[in-house]
Amino acid sequence: MKKGVLLVLSGPSGVGKSTAVAELMRHRPQLRFSISATTRPARPGEMDGVHYYFKSRAEFDAMVARGALLEHAEYVGNGYGTPAAPVDKLLCEGYDVLLDIEVQGAMQVKRARPDAVLVFLAAPSFEELERRLNGRGDTAPELVQRRLETARREFQFADRYDYLVVSDKVEKTAGELDAIFTAEHCRTSANFTQRKEE
Ligand code: 5GP
């Protein structure tokens, strides 16, 4: 069976990643979302085991110590990490897997899995990003400022990604992500290895 594509999506908080991913998943039934572990508290409406695995700091540190995470990073004072085993299992079963993670984690994945595809989702402008973050209504003003500073720092990593997608209309953004998956499935390397094994 052909292995799935591992796609890493990064982009500032508030850029519209979750909306674009939800739209994308409606079009790609073979796509699975990697559920991260985090020490940050759940926001209203978020469910444990659906949006994140919400962990205490001690539980999170134990996962790091036993090497259970494919990558991990500190982001605005909280730990975030990708449980490795579910990702590998899904890829081997032929599913595509999407990781919604920040840049430090993305760089770790690129080192550990050189065949991972890195996509940076950028806001049309920083002014637009600030507007979206304020409009979301679930983030305190001082946190909005911290997230904007983080976004500026993160944008400096954008040229290390394989693809850059600008987040404007959700259908267009999801369509471009969909096209990237299609292109990655058409890579000769993805198919040639397969043919040699047959
Ligand atoms: P939020 O707290 O808004 O859900 O996410 C904050 C940031 O953490 C986002 O940029 C998101 O992509 C990132 N993030 C979520 N899960 C992970 C993870 O498992 N690893 C890393 N490195 N970043 C993550």
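**View 1. V166 and its strand in the predicted model.** V166 belongs to strand β9, which spans residues 163-166, a strand being a DSSP run of E with at least two residues, numbered from the N terminus. At a relative accessibility of 32%, V166 counts as partly exposed, because that class lies between buried, under 20% relative accessible area, and exposed, over 50% (1.4 Å probe, protein chains only). Residues are numbered from 1 along each chain as its sequence is written. Because this is a predicted model, local features need pLDDT of at least 70 and side-chain atom pairs count only at pLDDT 80 or more, while totals for chains, interfaces and linings use all residues.

**View 2. The position of D115.** D115 sits in the loop that links α4 (103-112) with β8 (117-122), where a helix is a DSSP run of H or I with at least four residues. D115 is exposed, and its relative accessible area is 60%. Although D115 and A190 are 75 residues apart along the chain, their C-alpha atoms are separated by 9.5 Å.

**View 3. The protein as a setting for the close-ups.** The protein contains eight helices and nine strands, and its C-alpha atoms fill a box of roughly 55 × 40 × 30 Å, taken along the principal axes. Of the 198 residues in the protein, 43% are buried. Among contacts with a separation of 6 or more, 67% come from residues 24 or more positions apart, where contact means heavy atoms within 4.5 Å.

Definitions and conventions: Side-chain values use heavy atoms; hydrogens and water are left out.
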